[in-house]
Amino acid sequence: DKLAQGYSSYCYAEKPIVSLCMATAFGPPPERNQDATVYVGNLDPLVDEELIWEMFREAGPVVSVFIPKDRVTKVHEGFAFVEFKGEEDADYAMKIMNMIKLYGKPIRVNKANQDRRVMDVGANLFIGNLDPDCDEKVIYDTFSAFGTIINTPKIMREDETGGSKGYGFLSYDSFEAADAAIDAMNGQYLMNRQISVTYAFRKDSREKHGSDAERYLASRTPAVGPTAAASLP
C-alpha cells in the first residue's frame with residue numbers, strides 16, 4: 001500500500017482500515033485548534049491526505065488533514081496541516097515524525113502556530129566532507145542543538161543514484177546560532193568523518209553569508225518565529 005511504499009519506518013501486513021469519518025475530515029476545518037495542529041512540510045508530490053492520516057495517527061487521534069492544492073492543476077503545494085484532538089498529541093508528533101523520510105524526502109514537522117514566514121537573514125551554513133550515510137535527520141539532530149533551524153537541511157545528491165555528494169546546507173534564524181555551530185562543529189567528527197562548517201557562499205556571488213551588512217540588516221529585522229519555507233543558499 002501507499003504507506004508501506006512511502007514510509008519505511010513502519011511495516012504493515014495489510015492496509016490499515018480507513019474509516020468513513022476519515023474521508024469526511026479532509027480539507028480545511030471550519031475552526032482549527034492551532035495549538036493541536038502541526039505543519040508538515042517538504043512533502044513529495046506523491047503524498048496525499050490518506051497517507052498523511054495513516055502516518056500521523058501513530059502519534060494520536062487525528063481530527064483533520066488539510067493539504068492545500070493549486071486551484072488549476074490540483075497539485076498540492078508541498079505542505080499539509082494535521083489537527084489532533086489534543087495539544088499533547090501534536091507535541092508528540094513533532095518529536096517522532098520530524099525528519100522522517102517519505103518517498104525519500106525528509107519531512108519537516110512543527111507547530112502550525114510557529115510556521116510564520118520570516119526573512120532569511122543569511123545565517124546559511126555549508127557543511128562539507130559528510131559521510132555517505134549521513135542524511136538530513138542526522139544533520140538536523142546534530143545542529144539543532146545550537147539554535148532554530150528554519151528549513152529542512154539540504155544534502156546535495158547525485159541526480160541518477162540519489163547518493164550524497166558529501167556536502168550540504170542549512171539555515172538558522174540568527175547569526176548567533178550559526179556562529180555557535182561553526183565554533184563548535186568545524187573540524188569535529190560526525191559519523192567518523194572530520195567535517196567542515198563555514199558560512200555558505202551567497203547565491204550567484206563569490207561573497208559568503210555572514211557579512212557585517214547582513215548582520216546589521218538582521219539586527220534591524222524583528223524575529224517573528226521559525227519557518228519551513230526559507231530559501232537555501
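The following is a friendly conversation about a predicted model.

Trainee: What should I know before I start?
Mentor: This is a predicted model, where local features need pLDDT of at least 70, side-chain atom pairs count only at pLDDT 80 or more, and totals for chains, interfaces and linings use all residues. Residues are numbered from 1 along each chain as its sequence is written, and side-chain values use heavy atoms, with hydrogens and water left out.

Trainee: How many helices and strands are there in the chain?
Mentor: Helices (H or I, at least four residues) and strands (E, at least two) are DSSP runs, numbered from the N terminus. Counted that way, the chain has 7 helices and 12 strands.

Trainee: What percentage of the residues in the chain is buried?
Mentor: Buried means under 20% relative accessible area, exposed over 50%, and partly exposed in between, with a 1.4 Å probe and protein chains only. Of the 233 residues in the chain, the buried share is 43%.

Trainee: What is the bridge partner of Leu-125 in S9?
Mentor: S7 and strand S9 (residues 164–171) run antiparallel and are joined by 5 bridges. In S9, the partner of Leu-125 is Leu-170.

Trainee: And which residue in S9 is the bridge partner of Lys-154?
Mentor: S8 and S9 also run antiparallel, with 3 bridges between them. Their hairpin has 6 residues between the strands, and Gly-162 there takes a positive phi near 80°. The partner of Lys-154 is Phe-169.

Trainee: Within what arc do the buried residues of H4 fall?
Mentor: The buried residues of helix H4 (87–97) are Asp-89, Ala-90, Ala-93 and Met-97. The arc is that of the directions from the helix axis to the C-beta atoms. Seen down the axis of H4, these residues line one face of the helix, because they fall within an arc of 100°.

Trainee: Which residues are exposed on the other side of H4?
Mentor: The buried residues of H4 have cover that includes strand S1 (37–41), helix H3 (49–56), strand S3 (79–84) and strand S6 (108–111). On the other side, the exposed residues are Glu-88 and Lys-95.

Trainee: Which side chain has a polar contact with the side chain of Asn-98?
Mentor: Asn-98 lies in the loop between H4 and strand S4 (101–102), and counts as buried because its relative accessibility is 9%. A polar contact is a pair of N or O atoms within 3.5 Å; within protein, one must be able to donate a hydrogen and the other to accept it, and residues adjacent in sequence count only if both atoms are side-chain atoms. At 3.4 Å, the partner of Asn-98 is Tyr-140.

Methods. Contact = heavy atoms within 4.5 Å. Pairing = 2+ DSSP bridges.
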